[in-house]
Amino acid sequence: DSKPTSPAGNTNESRDPARLRSHRWFGPDDLRSFGHRSRLKGAGFDDSDFQGKPVIGILNTWSDLNTCHSHFPQRADEVRRGILQAGGFPVEVPVLSLGEMLMKPTTMLYRNLLAMEVEEVLRCHPIDAAVLMGGCDKTVPALLMGAISADIPSIFLPAGPMLKARWKDQTLGSGSDVWKYWDERLAGNLCDADWKGIENCIARSAGTCMTMGTASTMACITEAMGFSLAGAACTPSVLSQHSRLATQTGRRAVDMAWEDFRPSKFMTAGSIDNGVITSLSIGGSTNAIVHLIAIAGRLGIELTMDRFDQLSDRTPVLGDIRPGGRYLMEDFYDAGGLPALLNRMTDLLDTDALTVSGVTLGQQINGAEVIDDEVIRPRENPVSPVGGTCVLRGNLAPSGCVIKSIAADKRLLKHRGPALVFDNYPAMKAAINDPDLDVGADSVLILRNAGPLGAPGFPEWGMLPIPQKLLRQGVRDMVRISDARMSGTSYGTCVLHIAPESAASGPLALVQTGDMIAIDVEARTIHWEVDDDEAERRRSAWVAPDVTPPRGYGRLYAKHVTQADQGCDFDFLVGRSPDAEPSIH
Ligand code: FES
Ligand code: MG
């Protein structure tokens, strides 16, 4: 299989404007090009602004409703400055903003919509290269998926994690500490004033969650896959270094346009493996599996759940970061960041894989030094000797399911107990804190109709709450099983992404309260104790829920979304169009 060659040299001879994609819009002496040029002039641009220069699209996922990207207006200006320095023509293009905190039912419903928008926005405009500005969870895979399918030179600028929060004498981490203190509040251990105090300080600045949630996991994966500059993923959002990163990213985008350095020239199966290994080594979010499968699919590479598990077996967890570990992203940055961590596992990575910098990953991380061995552990003292996320299989999940074992209570990694089944989220919410709920610490809580189709949108409901009566008895973890996802900031013994999901006729649909369920993470199994006749009897009585809305985006989604083990992309978006260019006019 062919390794990509080095990008073209950045010599003056290679800077022939006729080689630029945008030349098709601005170069010809015809009526249509007259229109393109005259209307740019109407917007105040002169020939010297755009003629013969690479047009760099700044794809900005800013919105007032995306709190994690609140610094993007300033960062976009800094990217613009870099583009101008390098002789490009910057154009800012807003694209759908997916902010985790204010969208219902879940941003995951819209990841593919943003991916489609990115692909088409790049295709139809005179854009020679793009800076992809994202950060909050789903924006990262969506931007990458769209850019890979459009196959236009692209470089990712992550929003960066917010600064770590302080409350009293505690350091608070996004999400993770919210769940923790909420349980304490329900258990009667936290007063209203303290709860309000946490609300007032836990989101300390602009930027993404500063635990190793999905945003930081995806930013690290993106950097390791070669899609952003070295050190980008860990740089906190509001540091001056982040502004300089933005400017550097803008400058580099101009060179990438001249080099025609497309994702197809630097993304390989090796890059995808590097992404998987990175995710495992940082104790990353379970959501990364779904996103990586979808990203690989756009490249025409099949990433299987089995591949994920194989790599998990040989990848140690070195990043000691919450929720799987002790520290936060700012500590990771101070400890040397992702390049330093990757430099401790060069034997596991494909160091020949290219990056947007034009050098290999190996060259990019060479010499990166770990400053703090507590945050980035040495190989001989890992957080865990093998990956923090495992794939389980069995009669309850024929196509697999996942568990973040490093964020689970070790006592529960091998467990057998009676199921307590909730048919859907509202039913669970109504019953979970009922003092008469028939539940014990050994029960296995099950939530169904919470998957890509059933919920719909594959929401983060998988960390089912511990029933209040058990919280008051001191219980803090239980085995929970669902066809939902969970937030990357969540923790606990939560088996997720059951595939096929219940709404797609998966066996999860047939489980009843009282059935015995066994999980054994070391053996990678999940087993539902039922005899075949009984399962068959229940299946014939089962009626599939109607999950296809009558119209709108929801209908497109329901008709085309794939299951968790296939990345939840739309079936018609997998791969790349043979000719991504728009037709003649
Ligand atoms: Fe935006 Fe966590 S809510 S990154
Ligand atoms: Mg999240």
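A hairpin of 2 residues joins E7 to E8.

Before going further, a word on what you are looking at: this is a predicted model, in which local features need pLDDT of at least 70 and side-chain atom pairs count only at pLDDT 80 or more, while totals for chains, interfaces and linings use all residues. Residues are numbered from 1 along each chain as its sequence is written, and chains are lettered from A and ligands numbered from 1 in the order in which they are written.

Now step back to the whole chain. The protein chain holds 21 helices and 14 strands; helices (H or I, at least four residues) and strands (E, at least two) are DSSP runs, numbered from the N terminus. Its C-alpha trace spans about 75 × 55 × 50 Å along the principal axes. Of the 585 residues, 55% are buried, meaning that 20 or more other C-beta atoms, placed from the backbone, lie within 10 Å of the residue's own.

Another stop is the open sheet of 4 strands, ordered E2-E1-E3-E4 with parallel pairing. At its edges lie strand E2 (89-94) and strand E4 (154-158), each pairing on one side only. In general, strands of a sheet pair through backbone hydrogen bonds, either parallel or antiparallel. Within this sheet, strand E1 (residues 55-60) pairs with E2 in the parallel sense over 6 bridges, and Gly-57 has Val-91 in E2 as its bridge partner.

Finally, have a look at helix H13 (residues 287-298). Its 12 residues should span 16 Å at 1.5 Å a residue, and its end C-alpha atoms are 17 Å apart, which agrees; the expected span is 1.5 Å times one less than the number of residues. Is H13 enclosed or open? Because 12 of its 12 residues are buried, H13 is largely enclosed by the rest of the structure. The buried residues include Asn-287, His-291 and Arg-298.

Note on methods:
Pairing = 2+ DSSP bridges.
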